[in-house]
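Please read the following note with the structure open beside it. Each numbered point may be checked against the residues it names.

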Amino acid sequence: MAAGGGGVADPLAPAGVPCAFSPQSQAYFALASTDGHLRVWETANNRLHQEYVPSAHLSGTCTCLAWAPARSQAKEGPQRKKRKSEALETSNQDDLLALGTAVGSILLYSTVRGELHSKLINGGHDNKVNCIQWHQDNGCLYSCSDDKHIVEWNTQTCKVKCKWKADNSSVSSLCISPDGKMLLSAGRTIKLWVLETKEVYRHFTGHATPVSSLTFTTIRPPNESQPFDGITGLYFLSGAVHDRLLNVWQVRSENKEKNAVMSFTVTDEPVYIDLTLSENKEEPVKLAVVCRDGQVHLFEHILNGYCKKPLTSNCTIQMATPGKGKKSTPKPIPILAAGFCSDKMSLLLVYGNWFQPIIERVALNSKEPHMCLVRDISNCWAPKVETAITKVRTPVVNSEAKVLVPGIPGHHAAIKPAPPQTENVENKRKLGTNEVSIEERLGALNIDTKKEKDDFPQTNSFPVLLTQGLESNDFEMLNKVLQTRNLNLIRRTVLRMPLHAVIPLLQELTKRLQGHPNSAVLMVQWLKCVLTVHASYLSTLPDLVPQLGTLYQLMESRVKTFQKLSHLHGKLILLVTQVTASEKTKGTTCPTQKAKLVYEEESSEEESDDEIADKDSDDNWDEDEEEKGSEKDEDVDEENEEEDEDAEEKDEENSEDRDVASEKELNGDSDLDPENESEEE
């Protein structure tokens, strides 16, 4: 079953293109390319079987396709009395292929006749058809669309049997139960419908993005002891756009459990899914998932209940070209689709390009966890069909003739006339002829393309610029986007960028984080925004650690040095605070404090009187000092003579001495003030 089909402009459109193997032993492979052409290839000899171009292939391109089941064709056409019904019966023996278009119509193409069988238009969809499913018994066709409806078609009368609204948003995928009585539909949530009453039987949580694939994985419940109603206990698989997890759900009797019971993890968005049904509880389910990165992941697991951790693939298949010579390196070859053969031990691989794919049968080796197939497809890239159809013949060019290539904008193919030819032109001008050669005219038409190349693309869409810069490694384009300082613009850019560019952006940010510190500050803002916005997407990547190993090492080294830097920062803060505190204390003892006494000079007479007073005070100070000294000597003599006196008298004398000393100090202070005043004068 194919997961592809949406338009290019829609960011939530599935990857890949619509394609499918025929139900009868995978004899044919149908492919609807983006140009609107339907091509049917023979898988046995890799030959183009048929090519069909619808009349409205440009306006109504094919968005999905589905082969009619082999069983339904034998049961159709019960009426044999009317000629019209007989014609319908014979036509139903053909291998019909249903094609859904972008305008809402459905085409039924007969691969046996090689022409259009019928068209389903009236009363159908008003918008793009997303998925088509054939009923395996009654020959009815079910389709879902962006118009939120599911339509049940009668392929014999080409009319609508029933149409009902299935969701509040577009319905993107359908799947019919093994017994043909239930129908799964999915937009973002998954619903299980009863086909007879068109009522919802169960609800499931679903995915955050539109579901691109739905398929049942078992036809019998794991517990066979209980009676089986045809649906309870069965498992089914779902995959979504931009989601690297394939969820497995179980239909249970109670309506409480709505979450997935297990999941499979892959490296990229699933493009094509094929599986082998498990017919009993001991038989494992084999699953082949083709991802957008060109790899095939093979799973083999017995579905027996709830599993907490996502399951990884048992084997991964890749394809590459052989590296010839020292300079040439092997290049990966994208795998487009894969389907199990009837023996379940081999796989049909479709690889190369969509216009000329190569189909090969590969035997599965379960012992090897990784297989890399080397194939030389250098001779297969040219589209053989187009060269066979077109009748353009290349002319035989003489060896002496010279082919002139004009300079085209975007190509450096400048034409410079050769010296001998310029001499001939000059000779013609000398002879009086005004004729100018074609080469000279082409040289005059040549435009300097360097200036055009230097012009930066005029667009304000930062997500587009960022994606183009990452794909082309354009340094100037990346600088224009990554050097912005607007946080809102950074967040809007990260929100709108495609998911496949998240890992290349993180790798580019890692390179720039190791550069100059000024640019590293900006890169940290981008890194923070990417990790917060796309955290759920990054958590689904199984090989995230090896892809971002450099970033992890860089962050770990920065974290180790951060502790040391924080200690140093704390010590520096202590030193700076001590230095500032000491400077403040010094500033309080500076001479800017208020003076105790202020002397104001008024006149010369007062100055002379003050000088006399100062002299008298100096003399009195000297006499007072001598008297105090003599009194002190007498007190000392008295103390020596009266040693036998009581302790109370000694205390009194000591107190008197202290009083005298305090008086001296006071006198000294009062005497020092006028002395200072005289010095100031």
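1. Basis of the model. The model is predicted: local features need pLDDT of at least 70, side-chain atom pairs count only at pLDDT 80 or more, and totals for chains, interfaces and linings use all residues. Residues are numbered from 1 along each chain as its sequence is written, and side-chain values use heavy atoms, with hydrogens and water left out.

2. Helix 8 and helix 10. Helices (H or I, at least four residues) and strands (E, at least two) are DSSP runs, numbered from the N terminus. Helix 8 (residues 475-482) packs against helix 10 (residues 502-513) at an angle of about 85°, and their axes are 13 Å apart. Helix 8 is therefore roughly perpendicular to helix 10, a term that covers angles of 65 to 115 degrees. Axes are lines fitted to C-alpha atoms, for helices over the stretch in contact, and angles run from 0 to 180 degrees between N-to-C directions.

3. The residues between these helices. In contact (heavy atoms within 4.5 Å), Phe 475, Leu 478, Asn 479 and Leu 482 of helix 8 meet Leu 505, Glu 508, Leu 509 and Arg 512 of helix 10. The residues of this contact comprise 5 nonpolar, 1 polar and 2 charged. Here Ala, Val, Leu, Ile, Met, Phe, Trp, Tyr, Cys and Pro count as nonpolar, Asp, Glu, Lys and Arg as charged, and the others, Gly among them, as polar.

4. A salt bridge is a side-chain nitrogen of Lys or Arg within 4 Å of a carboxyl oxygen of Asp or Glu. Glu 508 and Arg 512 form one, with their closest N and O atoms 3.0 Å apart. Both residues lie in helix 10, 4 residues apart, about one turn of the helix.

5. Other salt bridges. How many salt bridges does a search of the whole structure find? The search finds 12. One of them joins the side chains of Arg 47 and Glu 42 (2.8 Å, N to O). Arg 47 counts as partly exposed because its relative accessibility is 44%, whereas Glu 42, at 13%, counts as buried. In another, Lys 161 meets Glu 152 (3.8 Å, N to O); Lys 161 is partly exposed at 48%, and Glu 152 is buried at 7%.

6. An open sheet of 4 strands has the order 9-10-11-12, with antiparallel pairing; two strands pair if DSSP finds at least two bridges between them. Strand 9 (129-134) and strand 12 (159-165) are the edge strands, each pairing on one side only. Strand 11 (residues 149-154) is joined to strand 12 by 6 bridges, and Val 151 stands opposite Lys 163 in strand 12.

7. In strand 25 (residues 335-340), 6 of its 6 residues are buried. Strand 25 runs antiparallel to strand 26 (residues 346-352), with 5 bridges joining them. Ala 338 stands opposite Leu 349 in strand 26. The hairpin has 5 residues between the strands, and Lys 344 takes a positive phi near 65°.

8. Asn 247. This residue lies in strand 19 (residues 245-250). Asn 247 counts as buried because its relative accessibility is 13%. Leaving aside residues up to four places away in sequence, Asn 247 touches several residues, including His 207, Phe 236 and Met 262.

Conventions
Angles under 35 degrees count as roughly parallel, over 145 as roughly antiparallel, 65 to 115 as roughly perpendicular and the rest as oblique. Buried means under 20% relative accessible area, exposed over 50%, partly exposed in between (1.4 Å probe, protein chains only).
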